[in-house]
Amino acid sequence: MFSFPVILSVFLALLIRGVLSAPAPVAVQCGLRMPLQSDASSSGSGSPSGSGSSSGSGSSTGASQGVPDAPRFVIYSDKFVSGAAGPPDVSDIEGYNVFALSFLLISGPADKALEWTQLSDSDRSGIKSDYANAGISLIVSAFGSTDAPTSSKADPASTADTMSAWVKQYDLDGIDVDYEDFNAIDAGDGSAEAWLAAFTQQLRQNLPKGQFILSHAPVAPWFTVNDKFKGGAYLQVHKKVGDLIDWYNVQFYNQGAGEYTTCDGLLNTAGGDWPGSAVFEIADAGVDLNKLVIGKPGIAGDANNGFVDPSTLATCVQQAKGKGWSAGVMVWEFPDAAASWIQTVRSKAFPV
């Protein structure tokens, strides 16, 4: 049996050597109308350690390959994949044209965004070249369900400055704003909407339109005229800064059992708790139809509800295209949805 001083000295030695290290924060995109999730509830099976070696320089030209034309096929990556570091090979995500590393938090990068910083400059450069040659933009997603930037009183301008500088430092093609501060939106006092507008304006000042992607990922109900959202939610955000936003990765899931699970409910007439939040209903409320990218979970386990199998979703996409929509599809998340998933979803309207 060791004495306490001996145990303590061993522990300190291991900590100094990096054998023991605190885990990085874990973020997740959930779109759930509930309190923020703890690290333990992440959809991933783990998270990379903050002790991994990084080149730290992030040397880059800050150049971007620009903004892809519609349709946009977007896949998020946050889940820990054993034995893998950084984005997957382009062959694993053939059929997508945007890959989102998740997440960049107010406190710094986490999960897949953190992994990106831990790669060497040459590895990042090689991956960016492969992605560019395959027509895939590589971006970072900010906040997720871990951060509540308005409620935590983060300054929108300085937060935008920090995050846009990070995008340029690590040679990415843009940023996605996955704002999930439900308490701030529900407060109905306009503070969330004002925060998002100021944040978006500062991001766009630093990341010029046409050169860098700037997307947002709101939940579908935030586009409805609803007494619960007295500040206007994303209808107000769109009114203020919609011209600065390239598109919306709309989360049509986690909003209640049975919501958005049929083509009619997803596209034409949303029922249940959120009437007015189907794709064409949102467009009728004044949002550009071809900015409304349809977001879905890759498998049922990636969300509490709202899952639609890829073949059925392909039919919905086909119907939407027939009515003049061509915004694209978003999925949460790799590796549950990879090349075969998006190829099925695209097969009836936008075949690969």
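Colleague: Where does Lys 153 lie?
Modeller: Lys 153 is in the loop between strand 4 (137-144) and helix 4 (156-169); helices (H or I, at least four residues) and strands (E, at least two) are DSSP runs, numbered from the N terminus. This is a predicted model, where local features need pLDDT of at least 70, side-chain atom pairs count only at pLDDT 80 or more, and totals for chains, interfaces and linings use all residues. Residues are numbered from 1 along each chain as its sequence is written, and side-chain values use heavy atoms, with hydrogens and water left out.
Colleague: Is Lys 153 buried or exposed?
Modeller: Exposed, with a relative accessible area of 73%. Buried means under 20% relative accessible area, exposed over 50%, partly exposed in between (1.4 Å probe, protein chains only). Lys 153 also has a positive phi of about 65°, although it is not a glycine.
Colleague: And what about Ala 233?
Modeller: Ala 233 isn't a glycine either, yet its phi is positive, about 45°. Ala 233 sits in helix 7 and is buried, at 0% relative accessible area.
Colleague: New topic: how many aromatic pairs are there?
Modeller: A search of the whole structure turns up 19. Rings of Phe, Tyr and Trp (its six-membered ring) pair if their centres lie within 6.5 Å; planes under 30 degrees apart count as stacked, over 60 as edge-to-face and the rest as tilted.
Colleague: Why is the pair of Tyr 234 and Tyr 248 edge-to-face?
Modeller: Because their planes are at 90°, with the ring centres 6.1 Å apart. Tyr 234 is in helix 7 (residues 233-241) and Tyr 248 in strand 7 (residues 247-251), 14 residues apart. Both Tyr 234 and Tyr 248 are buried.
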